[in-house]
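Dear colleague,

Please find below the sequence and the structure that I am handing over to you. My notes on what was found follow directly after them.

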Amino acid sequence: MLQQLLIRSHARAAIWLCIIACVAACGTDPAGEVSSGAVAEQKFNWKLVTAWPPNLPINHDVVMQFASDVATMSRGQMTIQVYAGGELIPALEVFEAVSNGTIVQMGHSAAYYWAGKVPAAQYMSAVPFGLTARGMAAWLLGGDGLKLWREIYAPFDLVPFPMGNTGTQMGGWFNKRVDSVADLDGLKMRIPGLGGKALAKAGGNPILLSGGEVYIALERGNIDATEWVGPLHDVRFGLDRAAKYYYYPGWHEPSTQLELIVNKPAWEGLPEHLQLIIESAAAAGGVDLHSRMEAENAKAYAKLRESGHIEMVEFPQEVLEALYSSSREALDAEAQKDVKFQEVRENYEAFQKTFEAWDDITEDAYRQFYNRALD
Ligand code: CA
């Protein structure tokens, strides 16, 4: 965590140094006004829409900070007005609105929401038994991930940037125990996307519900279980009052990458220094979002444990193995329908294999020692 915060402060320091260098290069007249020539002439007033409910903790704050950073770093040449889901357009129309570019130029969301349009986009947010946040960042920025992401969004006139990760999510809230594979039979669970498809193949019954319906459905027993995010967001949502068992780990979302998307013609119309400011502010915002998510989840988890009103349960190994097999089947079925999905999958899985071997002898080996030492 400290390392990430240091990276963030370094990123900020680097951005400020660039700005200071630019201002110095542009020259300052005797009255103290920056005379930067034609570059600073044109103003850009953009709109950004998010796929998050208004004031969603962390996500909303980080996007607001991003907009403020861009305004400060550009010395007011660029302003970004932020609208939460539903304030300007519905949350699940972010992709289309930014692609269209007539009302808004930017969006903050998660790529798996757009699976209906771009099946391969699921690899840019979360797939069951996929990469953790550390591996995801490595694939996107150190491997081919971001290049592939730009390729699959190009037909929609969108330029994507990674901007935040939720970290490993929780398995979800259950009112029925899952002690064996047989307990998955007929299990009614709110779990969207590929995780839902994998659950169905393992005998479960995935239910699609919007965020607003989840609590009531669980509390009234219309569903047996639901996944959401992690302790911070789950408790704010009241889910700890609607279910007894809190399962882990989140096999279906081992990390969920979030995105900043920019309308391509609008992006190409920006001077290079504003493009760099956006890219740098998004990178800093992404580290900020992930760091705060891990810190706040850890604190919320500690509080939950202290309260003693819920039971933490680890999924049994045989249940995870069954869900792993059914996840593979779900991914195979997607790959058969979409060539690009298969292409991205091959690249992702080859990276995952190499990365996991490295993870085995680094973080994983370290954690195993640490866990044994604490036992
Ligand atoms: Ca989730």
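How many bridges join strand E5 (residues 172-174) to E9? Three bridges join the two strands, which run antiparallel. Within this pairing, Trp173 has Tyr246 of E9 as its bridge partner.

Before the remaining findings, a note on the source. This is a predicted model, in which local features need pLDDT of at least 70 and side-chain atom pairs count only at pLDDT 80 or more, while totals for chains, interfaces and linings use all residues. Residues are numbered from 1 along each chain as its sequence is written, and side-chain values use heavy atoms, with hydrogens and water left out. As to terms, helices (H or I, at least four residues) and strands (E, at least two) are DSSP runs numbered from the N terminus, and two strands pair if DSSP finds at least two bridges between them.

E5 and E9 belong to an open sheet of six strands with the order E7-E6-E8-E5-E9-E11 and mixed pairing. Strand E7 (205-207) and strand E11 (311-314) are at the edges with a single partner strand each, so one side of each has no neighbour in the sheet.

Strand E10 (residues 257-263) is largely enclosed by the rest of the structure, because seven of its seven residues are buried (buried means under 20% relative accessible area, exposed over 50%, partly exposed in between, with a 1.4 Å probe and protein chains only). Gln257, Glu259, Ile261 and Asn263 point one way from E10, and Leu258, Leu260 and Val262 point the other way. Strand E3 (residues 106-109) runs antiparallel to E10 and is joined to it by four bridges; Met106 has Val262 as its bridge partner there. Strand E4 (residues 158-165) is also antiparallel to E10, with six bridges between them, and Phe161 stands opposite Leu260.

The calcium ion

The protein donors of the calcium ion are Gln169 (OE1), Glu227 (OE), Glu227 (OE), Trp228 (O) and Glu253 (OE), at 2.2 to 2.9 Å from it. Donors here are N, O and S atoms within 2.8 Å of the metal (3.2 Å for Na, K and Ca), and sites may look incomplete because water is not among the atoms. Along the chain the donors follow the spacing Q-x57-E-W-x24-E. Glu253 counts as buried because its relative accessibility is 4%.

The loop between E9 and E10 also holds Pro249. A cis peptide bond joins Tyr248 and Pro249, with omega about -5°.

The second largest pocket

The second largest pocket has a volume of about 1200 Å³. On a 1 Å grid over the protein atoms alone, a pocket is an open set of points where a 1.4 Å probe fits, with protein on both sides within 12 Å along at least five of seven lines, and lining residues have an atom within 4 Å of a point. Grid points are joined across faces, edges and corners, and the volume is the space filled by probe spheres set on the points. Of the 44 residues that line this pocket, Tyr112, Tyr113, Arg190, Pro192 and Trp228 are the closest to its centre.

Helix H6 (193-201), helix H7 (211-219) and H8 each supply at least two lining residues, and the largest share, four residues, comes from H6. At least three lining residues come from each of domain 1 (2-168 + 257-295) and domain 2 (172-252 + 310-341), with bounds from an automatic or database domain assignment.

Two residues with positive phi

Asn55 and Ile58 are found in the loop between strand E1 (44-50) and helix H2 (59-73). Phi is near 60° for Asn55 and near 65° for Ile58. Asn55 is exposed, with a relative accessible area of 60%, whereas Ile58 counts as buried at 4% relative accessibility.

Yours sincerely
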